[in-house]
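Welcome! Keep the sequence and the 3D view open as you work.

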Amino acid sequence: MALTRRDLLKLAGAASTSGPLGALAPFFRPAGSGAAAERKLVTCCGICDSVCGMVATVRDGVLTFLEGLEGDFSGGGGLCGKGASGAGQLYDPDRLKYPMKRTNPNKGLEEDPGWVRISWEEALDTIAEKFRAALEQFGQESLLFVTRPAPDIWMRFMNAVGVVNRVDHLDECYLTDRVIQRYTTGGKSWCNDFENAKYILLFGWDLLAKTKLVYANGIVQAKDNGAKVVCFNPQYSATARFADEWYPIRPGSDLAVALAMINVIVSENLFNREFVDQYTNFRQYESQIREHFKRYTPEWAAAESDVPADAIQRIAREFATRGPAIAPAHKKSLCANYANATQLVHAISILNLLAGTIDRPGGRYFARTIPIPTIDQIVPPPAYPAKRGRRVDGKDRLPLVLEDGGGLFSTLADGLLNKYPGMIQAAFFNNYTILGFPHPERMAKALATIPFLVVMDFLPTDTALLADIVLPSSIYLESNDLVPREYSAKRPQVVVRQAVVPAMFETRSIGWVALELGKRLAPDYFKNPDGTWISLSAVLDEKVRRAGLANSFAEFREIGMVTREQPFVPRTTFNVPGGKCQIYVPQFAERGGEPLPVWRPKREQPSPEYPYYYLTFIPAVHRRNTTQNNRILNEMFPTNAANMHPLLATRIGVKEGQKVRIRSRVGAIELPAHLTETLRPDCVLVAHGFGHRSRYLNTAGGKGARDSDLIPDQTIEEMVAAGNFAGAASIMDAVVNVQAV
Ligand SMILES: Nc1nc2c(c(=O)[nH]1)N[C@H]1C(S)=C(S)[C@@H](COP(=O)(O)OP(=O)(O)OC[C@H]3O[C@@H](n4cnc5c(=O)[nH]c(N)nc54)[C@H](O)[C@@H]3O)O[C@H]1N2
Ligand SMILES: Nc1nc2c(c(=O)[nH]1)N[C@H]1C(S)=C(S)[C@@H](COP(=O)(O)OP(=O)(O)OC[C@H]3O[C@@H](n4cnc5c(=O)[nH]c(N)nc54)[C@H](O)[C@@H]3O)O[C@H]1N2
Ligand code: SF4
Ligand SMILES: [Mo]
């Protein structure tokens with residue numbers, strides 16, 4: 001994987017002029033970088049869903065600087081550390097550069113795959129041949145796609161082939177919220193209207209240190225506007241420091257607090273009567289609701305959560321009466337951390353309904369977007385084949401999850417190893433890695449049982465080490481696309497994503513792979529009506545035209561962004577059965593759940609063997625498992641540590657920097673202790689995203705430990721038994737032992 005001289009120059013060019021590497025410039029400055037042709041291109045960041053507008057400076061074909069787009073509401077004209085350091089990702093010398101196949105038949109993280117470079121032609125032909133053979137011999141259920149449901153041509157490919165087993169990470173993130181919201185409010189209410197909120201209740205979400213700028217900027221503005229911020233978190237997080245009140249809640253017990261707050265608000269009749277009477281089913285089920293929550297007293301909740309009863313009572317009253325109040329939606333903290341997340345998300349949805357701010361100023365809005373036609377609308381496909389076969393992740397046992405479409409990372413290993421061994425004959429991993437799964441060691445073992453595995457990534461990850469064929473992916477800075485903003489209700493917007501440089505080496509997009517595999521495996525679905533092959537750029541042009549953005553993508557590229565300002569009209573009928581938001585959800589009862597949220601403890605409780613709670617977090621300057629090899633970001637945050645309170649350190653007899661062994665029922669890791677008073681003394685906190693083992697990751701490889709080695713994966717039966725009917729992965733639900741090494 002040697003670099004050419006030209007590549008090195010490109011690399012050097014990026015390094016010498018981008019801000020954070022300035023200090024290294026003398027070592028990297030390329031010859032003759034004097035008089036240069038410079039261009040500025042408007043595009044958007046692709047690292048998180050904030051999709052901040054940005055301006056790329058490109059000099060002599062080399063990306064030299066990324067900065068925020070002035071006037072863009074999403075990034076507020078700025079970029080976070082990850083966004084600004086994109087050049088470190090683009091010019092990562094370890095990038096996968098061309099397709100490769102393994103020559104060592106033995107698979108394992110310690111095995112050298114014996115990679116040999118092959119052509120795209122050979123790679124695509126081999127994949128098509130293996131997939132066809134699996135389909136013919138073993139049927140649709142024998143293919144596994146571990147990938148997001150995007151882009152639309154990739155979905156078209158999977159539909160055309162009849163893929164039954166597509167699995168994605170949503171159970172680790174927002175699946176539970178999406179399932180619950182479908183029946184309580186009628187959709188994803190993710191546009192948190194912080195600017196009009198006067199009371200903000202945060203169950204864990206550390207949004208200031210997560211740097212989704214659109215939200216982080218929003219809450220700062222809220223406080224400037226006089227909002228009160230209350231934060232529950234076992235950690236004295238960045239957001240906790242910013243909040244007016246912070247409670248070091250016991251891990252996994254937010255549900256108790258939320259249930260008790262509902263009790264206070266309902267029994268004292270403090271809810272927003274106008275909204276609740278008109279737009280929810282409260283009155284229809286009033287007696288059941290009142291009766292149900294009575295048992296959840298603030299005193300009971302205090303005993304479960306360590307949040308004082310009088311605080312719970314007062315915060316509940318304030319939340320109901322000092323609004324507009326919001327308990328914002330955001331992904332993992334609420335939805336995926338613990339096995340009781342299904343109940344927690346339902347309870348929080350009820351709190352927002354009682355405050356009367358769903359799709360109202362200061363609350364959770366539904367997104368208003370500019371619709372962009374899909375490829376299937378532009379070039380209608382022949383009828384897709386019916387999907388027949390068993391679900392390897394077992395999600396057919398959770399009816400509400402099954403109808404949602406998302407997948408289950410957390411049960412995949414059990415499916416591959418125990419439930420359906422041998423069922424999966426060929427698999428395609430795109431844009432995912434085993435480090436994002438609970439218990440990656442087990443996932444690696446499970447993947448090694450699949451006879452033919454393709455991994456598409458931009459880096460030679462641990463997962464790529466297990467692949468039979470590795471495909472090099474281009475990244476967001478090398479792609480052309482239209483990106484609708486999902487977090488904006490008041491300003492429907494589409495922003496351009498454009499390749500600021502041509503795709504490096506032989507990297508390709510997943511859309512291109514979909515088309516090429518489609519031509520080989522399901523050609524009828526990839527033709528225009530006149531019999532010619534579909535062209536990705538023609539489809540993009542047509543999307544631009546039909547969405548009314550411009551006459552072509554080239555023209556839209558010049559425009560950069562289209563906003564359709566429109567007066568905000570609050571929703572009065574909701575997309576739920578009966579048209580009214582549901583506090584009491586009869587459909588949950590019909591499909592294996594409870595109509596009202598009930599108390600359930602988290603999965604794992606401290607015991608004499610494992611006395612401490614285990615917590616993980618994502619550092620502000622990293623994107624989960626993607627950016628640790630980015631030299632700029634690695635310099636800022638190179639590795640992880642075992643964060644613990646000095647009291648805990650004293651108890652186990654360790655000092656700052658001394659190595660400790662953290663052990664759970666499924667694994668053990670060793671890390672240096674970092675002493676901090678910002679954590680409950682019964683918790684150990686470890687940053688996610690480290691512990692890459694691939695020897696081809698020269699910057700991140702071998703640094704730190706995999707936090708998820710301590711986190712058990714689960715079986716579908718465990719999820720059913722835990723009442724986890726909206727599919728939470730329980731991605732933080734572990735208890736551990738800590739000892740000096
Ligand atoms: N920089 C950066 N930002 C990101 C991302 C990224 O990769 N990098 N990813 C984005 C994505 S996909 C997501 S889902 C979000 C995740 O956003 P967060 O959920 O805020 O992410 P984490 O860093 O995992 O934060 C976990 C926090 O939850 C606290 N916590 C743990 N257990 C409990 C509990 O029982 N109760 C309460 N109240 N708090 C608890 C932890 O102490 C920690 O502060 O971040 C988004 N923003
Ligand atoms: N222990 C633990 N596990 C967690 C979490 C946690 O906090 N703790 N957080 C959970 C959450 S909230 C989420 S959202 C998930 C998500 O996690 P993922 O969405 O899986 O994100 P990453 O873990 O960063 O893995 C992304 C992979 O895609 C690759 N990649 C990046 N860009 C591209 C690209 O353009 N093309 C291709 N082909 N590949 C690319 C990266 O190199 C990496 O291997 O992780 C979850 N898992
Ligand atoms: S918040 Fe940071 S990572 Fe997310 S889109 Fe904006 S600049 Fe990119
Ligand atoms: Mo997430």
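## Exercise 1: Aromatic pairs

Both Phe-131 and Phe-145 are buried. Bear in mind that the model is a predicted one.

**Task.** Find out how the rings of Phe-131 and Phe-145 are arranged, and which parts of the chain they tie together.

**Solution.** 
- Start with the total: there are 35 aromatic pairs in the structure.
- Take the pair of Phe-131 and Phe-145, whose ring centres are 5.7 Å apart, with 75° between the planes.
- Planes over 60 degrees apart count as edge-to-face, and that is the class of the pair Phe-131 and Phe-145.
- Finally, look at the surroundings: ring pairs link Phe-131 and Phe-145 with Trp-154, Phe-157, Phe-428 and Phe-452 into a cluster.

**Solution.** 
- The centres of the two rings are 5.0 Å apart and the planes make an angle of 85°, which is an edge-to-face pair.
- Trp-205 is in the loop between β9 (199–203) and α8 (207–210), while Tyr-215 is in helix α9 (residues 213–224).
- The pair links distant parts of the chain, 10 residues apart.
- Trp-205 and Tyr-215 are both buried.

## Exercise 2: Ligand 3 and the cysteines

**Task.** Describe where ligand 3 sits and which residues are closest.

**Solution.** 
- Ligand 3 sits in the largest cavity.
- It is surrounded by 13 residues, and the closest are Cys-45, Cys-48, Cys-52, Cys-80 and Thr-211.
- Sorted by class, the shell around ligand 3 has 8 nonpolar, 3 polar and 2 charged residues.
- Cys-45, one of the closest residues, counts as buried because its relative accessibility is 8%, and the cut-off for buried is under 20%.

**Solution.** 
- A disulfide needs two cysteine sulfur atoms within 2.5 Å.
- The closest cysteine sulfur to that of Cys-191 is in Cys-48, at 14 Å, so it is too far for a bond.
- The count for the structure is 0 disulfides.
- Cys-191 is buried, because its relative accessibility is 3%.

## Exercise 3: Backbone details

**Task.** Where are the prolines that follow the cis peptide bonds Ala-150 to Pro-151 and Gly-323 to Pro-324?

**Solution.** 
- Ala-150 and Pro-151 are joined by a cis peptide bond with omega about 0°.
- Pro-151 is in the loop between β6 and α6 (152–161).
- From Gly-323 to Pro-324 the peptide bond is also cis, with omega near 5°.
- Pro-324 is in the loop between α15 (309–321) and β12 (325–326).

**Task.** Phe-505 and Ser-730 have positive phi values. Is each one buried or partly exposed?

**Solution.** 
- Phe-505, with phi near 50°, is in the loop between β18 (493–497) and α22 (510–521).
- Its relative accessible area is 27%, so Phe-505 is partly exposed.
- Ser-730, with phi near 60°, is in the loop between α28 (716–721) and β25 (734–740).
- The relative accessibility of Ser-730 is 0%, so this serine counts as buried.

How values were computed: Residues are numbered from 1 along each chain as its sequence is written. Chains are lettered from A and ligands numbered from 1 in the order in which they are written. This is a predicted model: local features need pLDDT of at least 70, side-chain atom pairs count only at pLDDT 80 or more; totals for chains, interfaces and linings use all residues. Side-chain values use heavy atoms; hydrogens and water are left out. A residue is near a molecule or strand if one of its heavy atoms lies within 4 Å of it. On a 1 Å grid over the protein atoms alone, a cavity is a set of points where a 1.4 Å probe fits but cannot get out, and a pocket is an open set with protein on both sides within 12 Å along at least five of seven lines; lining residues have an atom within 4 Å of a point. A molecule sits in a cavity or pocket if more than half of its atoms lie within 2 Å of its grid points. Ala, Val, Leu, Ile, Met, Phe, Trp, Tyr, Cys and Pro count as nonpolar, Asp, Glu, Lys and Arg as charged, and the others, Gly among them, as polar. Buried means under 20% relative accessible area, exposed over 50%, partly exposed in between (1.4 Å probe, protein chains only). Rings of Phe, Tyr and Trp (its six-membered ring) pair if their centres lie within 6.5 Å; planes under 30 degrees apart count as stacked, over 60 as edge-to-face and the rest as tilted. Helices (H or I, at least four residues) and strands (E, at least two) are DSSP runs, numbered from the N terminus.
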